[in-house]
Amino acid sequence: MKQIKIGNITDIENKRSRVIFIGDLEIALFKLSNGEIKAIENKCPHKAGKLSEGIVCDHHVFCPLHDWKIDLNDGQVQDPDEGCVVSFHVEVDSESGDLILHLADEAYKAS
Ligand code: FES
């Protein structure tokens with residue numbers, strides 16, 4: 001498991017997203033209206049829409065291409081569609097506000 005500092009909580013406005021790259025991996029970060037940070041792979045399991053460009057409602061994102069609804073907690077596509085996108089745990093340092101991405105070793109391919 002790798003832990004990678006990816007920025008600070010102040011870098012993202014509420015209800016906005018940001019894209020980061022870790023090697024070949026493109027990750028969409030979302031800051032929810034309650035300030036929570038969520039991270040999923042920035043690639044819809046349907047036809048690879050950029051989920052970072054989707055509309056966030058509560059803890060779901062709607063893909064900008066065909067409106068699939070994806071849970072930002074676990075990456076699960078919601079009924080009536082099926083599938084899953086990889087989700088990641090992001091820890092927020094309580095003192096500095098730094099964002100620490102927890103990344104399984106097998107998910108990381110350095111370019
Ligand atoms: S590419 Fe996301 S719903 Fe089709």
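Mentor: The largest nonpolar core has 15 residues, and Ile6, Ile22, Ile27, Leu29, Val90 and Leu101 have the most contacts inside it. Such a core is a set of buried Ala, Val, Leu, Ile, Met, Phe, Trp, Tyr and Cys residues joined through side-chain atoms within 4.5 Å. Buried means under 20% relative accessible area, exposed over 50%, and partly exposed in between (1.4 Å probe, protein chains only). This is a predicted model: local features need pLDDT of at least 70, side-chain atom pairs count only at pLDDT 80 or more, and totals for chains, interfaces and linings use all residues. Residues are numbered from 1 along each chain as its sequence is written, and side-chain values use heavy atoms, leaving out hydrogens and water.

Two or more core residues come from each of β2 (16-22), β3 (25-31), β4 (37-41), β8 (87-92) and β9 (98-103). Strands (E, at least two residues) are DSSP runs, numbered from the N terminus.

Now β9 itself. Because 6 of its 6 residues are buried, β9 is largely enclosed by the rest of the structure. Asp98, Ile100 and His102 point one way from β9, while Leu99, Leu101 and Leu103 point the other way. In a regular strand the side chains alternate between the two faces of the sheet.

β9 pairs with β1 (residues 2-8) in the antiparallel sense over 6 bridges; pairing requires at least two bridges found by DSSP. Here Lys5 stands opposite Ile100. β8 also runs antiparallel to β9, joined by 4 bridges, and Val92 has Leu99 as its bridge partner. β8 and β9 form a hairpin with 5 residues between them, and Gly97 in the turn has a positive phi of about 80 degrees.
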